[in-house]
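Here is a short report on the cavities and cores of one protein. Keep the structure in view as you read.

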Amino acid sequence: MRLRALLLLLLAAAPAFAAPPNIVVILADDVGYGDLGCYGATAVKTPNSDRLAREGLRFTDGYATSSTCTPSRYSMLTGEYAWRQPGTGVLPGDAALIVAPGRPTLASALKAAGYKTGAVGKWHLGLGERGKPADWNGEVKPGPLEVGFDYSFIMAATGDRVPCVYVKDHRVVGLDPADPIAVDYGKAFPGEPTGVDHRSDLKLDWSHGHNMAVVNGIGRIGYMKGGKAALWKDEDMADIFTREAVAFIEREKDHPFYLYFATHDIHVPRVPHPRFATATTMGARGNAIAEFDWEVGEILAALDRNGLAENTLVLLTSDNGPVLDDGYADQANELRGAHQPAGPLRAGKYSLFEGGTRVPWIVRYPARVKPGVSGALVSQIDLPATFAALAGAPVPATPWIDSRNALPALLGEDRVGRHHVIEHSGRLAVRQGDWLFLTPGPVQDGLGPSSRVTFPPPGGLFNLKDDLGELHNLAADQPERVKELAAILGKERGE
C-alpha cells in the first residue's frame, strides 16, 4: 500500500509521468501579424483567437520558415528548410508528393509514440508519384497517409487551383464514376468555360491570372473538367473542414491525438459563408478573418465539450504573412481602411522583409503553460523535434536536419529561444537578437501586387529594436555585424 501511495504521489507531482498531451496545430493561411485582435487588430473582432492568447502564451517573435505556403508547410512537416531541396516552391494543384514516403516527419514521430494523427484542410505538398499523373478517379496516393497521418480530409493545393475537390484518405469525396475528372495545367479543355471567355458571368472577377477553369463561378489556376458532383462550394469550405476536424477530435478523444488543422482562410479566393457577410467593413478579406476565428472557436469548443482542454497543447500560427490583391478583384486593399494586416512590420507574403515570415504564434496548454507574452525567438522549423520531445517519441533513425527541441521556449520556460532564425523568400535572411540581415538583391515590398526594392551588396541590415519597420539600412555603417550575420548564413548553407 505504501508503494502504491508513493507511485500515485509521483504521478501527481511529476509532469513527466502525466498522460501525453494531445496536440492541435491550427495553421492559418495568409493571416498576418496584425490580423488578429490579440496582435492589435481593431477593424475585425477575433474573440476566439484572443481567448487562446489570453489563456495561453502569445509570442511576439514567432516565425514561419518561408514567405509562401508550400515551402513553409514542407519545413514544418519535415524539419528541413525547404530551400535545401529543389522542387519545394509553390506547387501547382497536380504536383506529385514532395515528401518522400517513409521519411521521418512530425506526424510519423507522433504516430510512433502512439498518437492518432489527422490532417484536415489545405495540403499543398503534392499528391501522387513523381513522373506519374495523379489518378483523381481512383486511389490518390501517396499523400498524407504515406508520411505519418492516420486520417486525412484535404484539398490538394489551394482554393484558387484545380482540382476543386476534397480528398478523403485516398479518394475524391463524392465523385461520380460516370463523370471522371481530368486536370491539365497546360491547355484548356474544349467546350469548358474559362475566366477569359466567360468573364462577365463570374461572381468574383479576377485581377491578374486566375482566369482558367471556372468552378462555382470563380476563375482558377489550371484547367479541369468532369467531377461535377464532387466540386466544392467555396462558401461551405470552412464549415466542411471544421466539421471534419471536430469529428476527428471526438473520434480520437480517448487516446493521445495530433490534429493538423490547416484552414484555407484567408487565402484567395476569399468567399466566406454568407453568415459572415457583414462581419466587418473590410469586405471579403476582413470577413474571412472573422470566419477563421469562428473555426478556432469551434475547435476550442470541441476540446471543452470533451474535457480535453487541460491536457491539450493548441498552437495557432500562420504559414506566411498577409497579402491583399492576390489575383481577385475583392477590394481587399480598397476596403481595409486603417487596418494593418502585418501590424508594424514591413511588407508581407512573398517578401523577405519581416512581414513575410513573422506571424502570429499562440500556445495554450493549461497543464503546463502559464498565460502571458513571450519574446522568445521561435520558428516552425523546430516543431517536429519539439513535439516529439513533448510526446516522448523515439528519436528517428534519420535525424531531422534543421529541427531542434525548443520545448522550453514553447512552454514559456525559456524567454530567449533560438540563437538565430532563418527567413526565406527566394533568397535568405537571418535574424539574431535585434539584428536582421537580408542578402543582396531585390525584395518585394508592400502587400501585392507591389513594388520591389533592391539591396546592393553587402545587403540590408536592420536593428529591429529601434527600427521594426525596416526603414533604415545600416549595412554600410556596420560592416562587422554584416560579416557576422553573413557567416551564420554561410554555415547554414554549408559553405
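## Cavities and cores

Two elements, α3 (69-78) and β12 (257-262), each give at least two residues to the lining of the second largest cavity. Helices (H or I, at least four residues) and strands (E, at least two) are DSSP runs, numbered from the N terminus. A cavity is a set of points on a 1 Å grid, over the protein atoms alone, where a 1.4 Å probe fits but cannot get out; lining residues have an atom within 4 Å of a point.

The model is predicted: local features need pLDDT of at least 70, side-chain atom pairs count only at pLDDT 80 or more, and totals for chains, interfaces and linings use all residues. Residues are numbered from 1 along each chain as its sequence is written, and side-chain values use heavy atoms, with hydrogens and water left out.

The lining of the second largest cavity includes Arg73, Trp123, Tyr258 and Tyr260. α3 gives the largest share, three residues.

By this rule there are five cavities of 30 Å³ or more. Two of them are set out below. A volume is the space filled by probe spheres set on the points, which are joined across faces, edges and corners. Ala, Val, Leu, Ile, Met, Phe, Trp, Tyr, Cys and Pro count as nonpolar, Asp, Glu, Lys and Arg as charged, and the others, Gly among them, as polar.

| Cavity | Volume | Lining by class |
|---|---|---|
| Largest cavity | about 120 Å³ | eight nonpolar, two polar, five charged residues |
| Second largest cavity | about 60 Å³ | eight nonpolar, no polar, one charged residues |

The largest cavity is lined by 15 residues; closest to its centre are Asp234, Met237, His264, Asp265 and Glu291. α5 (237-251) and α6 (283-305) are the elements that give two or more residues to this lining.

Now take α5. It has 15 residues and spans 21 Å from first C-alpha to last, close to the 21 Å expected at 1.5 Å a residue. The expected span is 1.5 Å times one less than the number of residues. Its buried residues include Met237, Ala245, Val246 and Ile249. Buried means under 20% relative accessible area (1.4 Å probe, protein chains only). Among the elements that cover them are β4 (116-122), β12 and α6.

The largest nonpolar core has 107 residues, and Tyr258, Ile299 and Phe387 touch the most other members. α6 supplies its largest share, nine residues. Such a core is a set of buried Ala, Val, Leu, Ile, Met, Phe, Trp, Tyr and Cys residues joined through side-chain atoms within 4.5 Å.

Key: On a 1 Å grid over the protein atoms alone, a cavity is a set of points where a 1.4 Å probe fits but cannot get out, and a pocket is an open set with protein on both sides within 12 Å along at least five of seven lines; lining residues have an atom within 4 Å of a point. Buried means under 20% relative accessible area, exposed over 50%, partly exposed in between (1.4 Å probe, protein chains only). Contact means heavy atoms within 4.5 Å.
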